[in-house]
Amino acid sequence: LKEFAIRLGEAFRNKGMVARVAGDEFAVLYRYKEEEDVSEFLELLKKPFEKPFTVGNADISLSFNAGIAIYPQDGEDLDTLNERAVSALMEAKRAGEGEVRFYSSAFQEKLRDILFAKQLVSKAVEEGLFTLYLQPYFKASDLSLAGFEALVRIVDKSGKVYSPGVFIEYLENGPYLRAFEGWLLRTAVELHERIKRTISINISAKSIKDMSFLASFESYCSIYCRDYPIVLEITERIFMEDYERAVAVLKKIKEYEGVLVALDDFGTGYSSLTYLSKLPVDILKIDISFVRQLTESERVRAVVKNIINLATDLGMKTLAEGVETKEQLEMLRAMNCTYLQGFYLGKPVPVEEAIRLYT
């Protein structure tokens with residue numbers, strides 16, 4: 001017990017408070033900011049058990065059960081949280097040795113998703129399971145091909161395809177982001193050179209601020225982006241943390257030959273018109289949530305029309321995502337949207353199929 005207490009204290013040094021609360025029961029009070037931090041918490045819980053405990057001449061390997069309550073959804077005071085953590089612990093013990101349970105079943109499911117994503121991404125990096133699908137987008141004026149958006153997928157050894165919704169949140173906030181985006185950049189520019197078409201790639205806010213990533217990107221663009229541009233797609237999130245730095249970085253990117261910048265999901269987040277007038281952006285992407293309501297809501301139609309007019313006045317092009325019907329297509333063409341993208345025109349498909357269908 002003493003040795004375990006020492007190990008547990010070391011595992012959570014400067015990260016939480018540790019106490020022995022019963023004979024062989026310990027409690028940890030741990031501060032977290034995001035749901036992904038809970039997976040780090042579980043890794044810290046496992047640290048004291050990584051090597052055996054020596055008692056006399058014997059080495060003893062121990063396991064544990066844990067019950068977890070989350071503030072504030074499971075309780076807003078220590079007594080309530082403790083009571084519900086104990087309740088979750090009882091459930092963990094009933095489930096068997098080594099099991100961990102959350103008081104909240106919804107959080108239990110969320111953690112299961114996080115741990116699955118972590119395992120999937122780790123395996124994808126180690127075994128090279130990332131691949132790109134291409135979704136075409138078209139000029140609204142004559143529906144000719146304008147370019148492709150490169151969308152990442154993970155394809156396991158059995159051929160099962162995992163879409164970004166399964167793993168992208170962990171990937172963007174985990175330790176593999178730099179390795180992944182290095183792969184993405186190499187793959188995208190080589191594909192760009194092969195098919196001789198404009199290609200868009202989605203870049204995280206973290207990478208936009210990473211000078212080593214930008215240096216790599218510049219070196220690739222100097223070789224591959226002379227005839228057809230490559231488009232960096234960013235979200236409004238990058239302006240929320242440090243607007244001035246984000247604008248400075250984007251202005252630097254715009255100095256690279258053959259590079260355009262697209263602002264994704266416009267209208268769903270930051271969307272400050274004051275800041276928009278200052279952004280070095282070439283393309284505004286109108287979010288799918290607006291496009292889906294075009295035929296049903298006069299107000300939404302007014303919003304979309306004004307986004308298109310504003311972008312045009314600012315010297316930007318517009319791309320409407322999620323075009324799924326002929327009616328939506330015709331409305332957007334009448335509003336003078338520049339580009340159209342969606343299942344009505346073309347779904348994301350593997351590279352070879354995209355080349356066969358569209359080039």
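## Out on the surface

Let's start with methionine 17, which sits in strand β1, a stretch covering residues 16–22. Keep in mind that this is a predicted model. Methionine 17 counts as exposed because its relative accessible area is 58%, and the cut-off for exposed is over 50%.

Next up is helix α2, spanning residues 37–46. Its buried residues are Val38, Ser39, Phe41, Leu42, Leu44 and Leu45.

What do the buried residues of α2 pack against? On the helix side there are α1 (2–11) and α4 (105–127). On the strand side there are β2 (25–30), β5 (66–68) and β6 (100–102).

## Serine 200, tucked inside

Now for strand β10, residues 199–202, where you'll find serine 200. Is serine 200 buried or exposed? Serine 200 is buried, since its relative accessible area is 3% and anything under 20% counts as buried.

Setting aside neighbours within four places in sequence, serine 200 touches Tyr137, Phe148, Glu149, Ala150, Val231 and Glu233.

## The partners of β10

Strand β10 pairs with β8 (residues 145–155), running parallel and joined by 3 bridges. Here phenylalanine 148 faces isoleucine 199 of β10.

β10 also pairs with β11 (residues 230–235), again in the parallel sense, over 4 bridges. In that pairing, asparagine 202 has glutamate 233 of β11 as its bridge partner. Phe148 and Glu233 also turn up among the contacts of serine 200.

How values were computed: Residues numbered from 1 in each chain as written. Predicted model: local features only at pLDDT ≥ 70, side-chain atom pairs only at ≥ 80, totals over all residues. Heavy atoms only, no water. Helix = DSSP H or I, 4+ residues; strand = E, 2+ residues; numbered from the N terminus. Buried < 20%, exposed > 50% of the residue type's maximum accessible area, 1.4 Å probe, protein only. Contact = heavy atoms within 4.5 Å. Pairing = 2+ DSSP bridges.
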